[in-house]
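Here are my notes on the model, as numbered points. Please read them with the structure open.

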Amino acid sequence: MSAKSDPQVMKQNAFAALVATLLLLGRLLLPGQEVVPGELSLNEAVKLALERNPELLAARNSIEMAEGDVVTAGLRPNPQFTVESEGLSYYRSGIEPSFEGRELTAGVEYEIQRRSQRRLGRRAAQFSTVRETAAFEDAARALRLEVRSAFYRVLLADSNRRLAQTTLDQTDQVIALNRTRFEQGEISGLELTRIEVERLRFADDLFQARLELQNSKAALLALLNAPDLGARLNVRGDLREIPRLGVPMNATAEEFLQMATDRRPDLQAAVAEFERSAAEILFQRTLATPNITVAGGYMREGQDNKLVAGVNIPLAVFNRNQGEILRSKAETRQAQNLLTATRNRIALEVWQAFNAVKINGERVEYIQSQQIRQAEEASRVTLAAYRLGGAPLMNYLDAQRRYRDTMRVLNQALFDERASMFELAAAVGDVPVP
């Protein structure tokens, strides 16, 4: 009997196929761990991250918790129901227990909370909701920046990989040519050895570029909350393509600063925290005067039925909530200082990103206009001359190294320019592109 027709082998193969299917279905159905498409554009990657990133989802949960605090702050105190019995003769020597002569009291107590106290407590909680909502928007802003940078880092790594592959392929063609020349006695073995040693460097460049590409894709997949960070992923885009963002890149620095003042969610969160702390002072001051508790009920004493009423008025003699009031005032001063610090930090981020976009743009233009054409021409001419025997090997290798280094510098400059655009857009509080 062959192995293919062995029933035991067939059962094992069927079981393995079933396990693989169940694992795949589990991965597809696991909440927050949906499989990432095999090909993504920049906007699609940002959209997926905003939907799936667990840290952003945790920030949304903070809004829900703050909304729960608003509900709690608006609730009235619960009344208290009390039942008491006194005078019950439980045991006396020679006499059975008796319920005669006992006192029974049933009553309700209720703390009268002032309307202003509940209103101010709810107002402070509402500002907390505004703050957490702004904090969520700021987390989304930071995530958009991180995803955009990670996406273009994949494009950078892929460009360097293609450059390294092209250089290596061209070197292999030259090695094949030199082997033919060596066999024909046209060149020495030393010249063949030199080009083969140089191939090792170009091959090492390719290995490094492949590693950077795989790690860049894994970093992007992690931001998308992908279940498999080693999944195949292709990104649609070109490192030379200028990204489309939610803010104009041709505005002045003053216009960018005004945009940041109007849009930045972390600034809105700082303002909301200052307003919350100010409302908290007013709320704590209302607690300096304790609430009155009223009580009423029914009493049965022997054969008599009676009504019971009472009022509990706390005397604010020593504790007038001084500590919490002082703490709230300190929180307000702290919130004011943090608000000022946030404004200063935002202005610095805008100016730094604005300068980076300007300088990196000039850098790219210089490399493209002054260096690329010369490096390409030198590489092409030197390669043609070497194949015809009109140029020494060292000239060809120098031209190849210069071309490789120039293209890698250009790729890095293009990435830096795009990254500075993303940082400027994030600094002014950009909105997602439709």
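1. At 9% relative accessibility, leucine 383 counts as buried (buried is under 20% relative accessible area, exposed over 50%, partly exposed in between, with a 1.4 Å probe and protein chains only). Its place is in helix α8. Helices (H or I, at least four residues) and strands (E, at least two) are DSSP runs, numbered from the N terminus. Leaving aside neighbours within four places in sequence, leucine 383 is in contact with Gln170, Val174 and Tyr396; contact means heavy atoms within 4.5 Å. Leucine 383 and valine 174 are 209 residues apart in sequence, yet 8.8 Å apart in space, C-alpha to C-alpha.

2. A word on the basis. This is a predicted model, in which local features need pLDDT of at least 70, side-chain atom pairs count only at pLDDT 80 or more, and totals for chains, interfaces and linings use all residues. Residues are numbered from 1 along each chain as its sequence is written, and side-chain values use heavy atoms, with hydrogens and water left out.

3. Which residues have the most contacts inside the largest nonpolar core? They are Val147, Phe151, Tyr152, Leu220 and Val428, in a core of 59 residues. A nonpolar core is a set of buried Ala, Val, Leu, Ile, Met, Phe, Trp, Tyr and Cys residues joined through side-chain atoms within 4.5 Å. Elements giving two or more residues to this core include α2 (42–52), α3 (54–73), α5 (189–223) and α9 (393–427). Helix α4 gives the most, with 12 residues. A second, separate core has eight residues, among them Leu192, Ile195, Leu383 and Leu393.

4. Tyrosine 152 deserves a look. Beyond four places in sequence, tyrosine 152 is in contact with Leu42, Asp238, Leu239, Glu241, Pro243, Phe415, Arg418 and Phe422. Asparagine 411, in helix α9, also touches Leu239, along with Leu156, Ser159, Asn160 and Leu163, again not counting residues up to four places away. Asparagine 411 is buried, with a relative accessible area of 6%.

5. Now the strands. Two strands pair if DSSP finds at least two bridges between them. Strands β2 (residues 80–86) and β3 (residues 103–112) run antiparallel, joined by seven bridges; serine 85 stands opposite leucine 104 in β3. Strand β3 is also joined to β5, antiparallel, by 10 bridges, with tyrosine 110 opposite valine 294 in β5. Strand β5 (residues 292–301) pairs in the antiparallel sense with β6 over nine bridges. Arginine 300 has asparagine 305 in β6 as its bridge partner. The two strands β5 and β6 form a hairpin with two residues between them, and glycine 302 in the turn has a positive phi of about 65 degrees.

6. Two asparagines need a backbone check. Most residues other than glycine have a negative phi. Asparagine 225 has a positive phi near 60 degrees. It lies in the loop between α5 and β4 (234–235) and is buried at 15%. Asparagine 321 has a positive phi near 60 degrees, lies in the loop between β6 and α8, and counts as buried at 14% relative accessibility.

7. Last, isoleucine 313. Isoleucine 313 is found in the loop between β6 (304–312) and α8 (322–387). It counts as exposed because its relative accessibility is 51%.
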